[in-house]
Amino acid sequence: MGRFLLKRLVQSAIAILGTVTLIFFIQRLAGDPTLLMLPEGATREDIEILRHQLGFDRPLIVQYLEYIAQLAHFDLGQSLVQRVPVADIIAARLPYTLCLAAGALLVAVGVGLPAGILMAVRRGSALERALMALVLVGQSMPTFWSGILLIMLFAVTLGIMPSSGVDGVRSVVLPAIALGALTMATYARVARTAVLEELERDYVSTARAKGLSFRRVVTRHILRNAATPIITISALEIANLLAGAVIVETVFAWPGLGQLAVQSIAARDFPIVQAIVLLSAFVSIALNLVADLLYSVVDPRIRLEGRA
Amino acid sequence: MGKMQRRTRLRLLGLGILGLAATVLAGPANAAKDVLVIDLVQEPSSLDPHVQWNPDSYFVYRNIFDNMLTRDNDGKIVPQVAAAWRQVDDSTTEFTLRGDIKFHDGSALTADDVVFSVKRITDAAFKSPQRDQFNKIVDATAVSPTVVRLKTEGPYPVLLAQLTKLSIVPKAYVTQVGNERFNQAPLGSGPYKFISIQRGVKTTLARNDAYWGDKGLFATAEFHAVPDPATRVADLRSGKADLIVTINADIADELKKDGKVKVLSVLSERVAYFHLNSLAGPTKDLKVRRAIAHAIDRQGIIDGLMHGYDKPATIMLAPVHVGYVEGFKGHAYDPAKAKALLKEAGITPQTPFTLFTAPTFDQRVVQAIQQMLIDVGINATITTSDFAGWLKRAQSSPAEFGEMTFSRWSCGCQDADGVLFPLYHSSSQWAKSNDPAMDKELEAARASLDPAVRLAHYRRVHEIAEATVPLVPLYQVAILYGARKELRWTPTPNESFFINRVGWQD
């Protein structure tokens, strides 16, 4: 276990450094934000003065080393456009993204898992077909469209939900549904497949032969064994929720990191983009680590030392 | 029966009390509205009025700060912080300030604050993106607490127009708290005070009841950041927002079907144009440039895509610009003539033309123009980059530029110098033409303080431009806003917004 963790830690550090380096150079390949910041008609001289003051006329490697040195001191720098410390901006936006992701996960797990299990145990029934339709809708509606539809129906026509922004708990409901729909569909499909696979195993027949009720077989035995694939997709899906939030946050004017990322990329506000990518890398790596640790909890046959 | 009556009476009494309460709470009809909500596209990138240049920011901060001068709803330059001004010599202007302006902390606005503001924004080390608009000011001195002299690098006829955009910041407060803190808690002298900013959500301002000028009608104003246009419309229609910005003609038509909202529009000082490369490629030939000018159906674009809101332009200025001259006919839509000119120039369908663009511009217009060019036999291919990439290419050398691009220009100064000099003068990185006669006229117009002399030079500029076609002027851009029916506001051509000019009628 100790060796496993140490190895993973080293791997993670390399992955993060690589990500940070990649994003640093990729962004700069396309130029710098000087031109975007200036009004129309700024003269060549003014452009050069501003570029020099911002430090973008220095060699890339100098800029990179300075950035790495800053990072080593846990300094994320200052936003070029807002002229506010990046850490302040991220700290203000992060809670909104977490709140939205939690809401979406609630929708996804709360609806998706039971739907998937029901579809498996009631295979071939009308209920399965109805649930399958729900899953298909969730999977095929793009969020920029379903989001607008939800707003038009619940905010404009019915007037029972806020159309955008952040006014208390009610504001998170529509964006959470829009964002959670796709993940809900994934959970339902994976849960269905996993449960179906387990249903055909010998131990199910044995348990039934021993006289256990079908409900007990499902809850006590099948679900536990079907958990491994569900944990795997959870790690992926939570990362997806954070990424999918880009569109939902824009549609619902939700002030999370996704919206900030889009705007900062368009404005070439490099320090903010770098910080968001850094944070996302951390989250993805941490989630995968948690998933790996959870495998051994639900399935003692999996030994982490062996895997590492 | 008696019970029923009592119940009815009670109910009526209840209704009466409710009605009374509503009347009392509502007060006079035009003051019923307490909070004005405006949906912008993004949050202001900063509230320090000197460190950015974008509409989402100045929509907000111009209410917190007073500008040196301002424009009234008719576009005329009128006093604000400066009550009067006179020309001392060709390059020196003396401004007499109102003596009665107080910052929101109660301190007086004096000549020192004006000098500080000018020096702050023109200091290269301060990195202000707006520096370019003020860098002709080489010195600022306080003659007395209410008199300031500004010295420019030679005669500078656009000074007053630029000063309508100079926000005056409090020297004492800024030096005491520092730039970073000032950005987060701005303090000015304007009709509204900064209350709070909730990052990514909204900026809240409160009325300055001690304001020296017209006080705002609304006790509170909130500016929300709503990036998706469809969501801004939903906000407006559901009553969450009272005014929304940046909508297109299609959305405007949709809003017109809703009886609770309306569309406000103004022909702005922004002019759309099709820039041609006169220095390289096939467009180097004047015949080809004239052919392109004849191939574009402006009225067709305006009727078909802009639903008639915009107005055809024959020169690169709008009537609200100093330097606008009436009577220019431009190049009429004439595909037959275009084809003939192309034939003369030896252009074949094999000659490649690059039309570069960015998603920032209305792609329907860009594609319509492409089709019009193809219709007369120009093999135009569209290449797209992000806006930053577009900016870089539009200001690149003629060899890298390509043949043409669509754009829209506003200097926010309503003066020909801010439009024609960067687009037509050969020293500018925007210009893709080189005409010594043109340069001479532009320089002469910039060097004179006499409006009649300047207009004469600009008339020549328009004549040369019509003859040499460095670009094709297309249309004066209409800016559209969505508003609640009750809102009273006249949008202005310079895309400004002042809360104390907004009314409400239930």
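In what order do the 4 strands of the open sheet of chain B stand? The order is β4-β5-β7-β6, with antiparallel pairing; here strands (E, at least two residues) and helices (H or I, at least four) are DSSP runs, numbered from the N terminus, and two strands pair if DSSP finds at least two bridges between them. The model is a predicted one, in which local features need pLDDT of at least 70 and side-chain atom pairs count only at pLDDT 80 or more, while totals for chains, interfaces and linings use all residues. Residues are numbered from 1 along each chain as its sequence is written, and chains are lettered from A and ligands numbered from 1 in the order in which they are written.

Strands β4 (82–89) and β6 (137–144) of chain B are the edge strands, each pairing on one side only. From one strand to the next, the twist averages 20°; axes are lines fitted to C-alpha atoms, for helices over the stretch in contact, and angles run from 0 to 180 degrees between N-to-C directions.

Strand β7 (residues 147–152) of chain B pairs in the antiparallel sense with β5 (residues 92–97) of chain B over 5 bridges, and with β6(B), also in the antiparallel sense, over 6 bridges. B:V147 in β7(B) is the bridge partner of B:T96, and B:S144 stands opposite B:V147 as well. Between β6(B) and β7(B) there are 2 residues, and the two strands form a hairpin. The covered face of β7(B) holds B:V148, B:L150 and B:T152, whereas B:V147, B:R149 and B:K151 make up the uncovered one. Helix α3 (residues 111–122) of chain B lies across β5, β6 and β7 of that chain and runs at about 170° to β6(B).

A helix pair in chain B is also worth a look. The axes of α10 (residues 286–295) and α12 (residues 335–345) of chain B come within 8 Å and cross at roughly 160°. That crossing makes α10(B) roughly antiparallel to α12(B), a term for angles over 145 degrees. The crossing of α10(B) past α12(B) is left-handed, meaning that the near helix is turned anticlockwise from the far one by less than a right angle. From α10(B), B:K287, B:V288, B:R290, B:A291, B:H294 and B:A295 meet B:P335, B:K337, B:A338, B:L341, B:L342, B:E344 and B:A345 of α12(B), with contact taken as C-beta atoms, placed from the backbone, within 7 Å. These residues divide into 8 nonpolar, 1 polar and 4 charged; Ala, Val, Leu, Ile, Met, Phe, Trp, Tyr, Cys and Pro count as nonpolar, Asp, Glu, Lys and Arg as charged, and the others, Gly among them, as polar.

Chain A has 13 helices and 0 strands. Its C-alpha trace spans about 85 × 60 × 30 Å along the principal axes. Of the 308 residues in chain A, 37% are buried, that is, have 20 or more other C-beta atoms, placed from the backbone, within 10 Å of their own. Among contacts in chain A between residues at least 6 apart in sequence, 72% join residues at least 24 apart.

The two chains meet in a contact that takes 45 residues from chain A and 44 residues from chain B. On the side of chain A that touches chain B, α3(A) gives the largest share, 6 residues. The residues of this side divide into 27 nonpolar, 12 polar and 6 charged.

Notes. Angles under 35 degrees count as roughly parallel, over 145 as roughly antiparallel, 65 to 115 as roughly perpendicular and the rest as oblique. A residue is buried if 20 or more other C-beta atoms lie within 10 Å of its own, exposed if 12 or fewer, and partly exposed in between; C-beta atoms are placed from the backbone.
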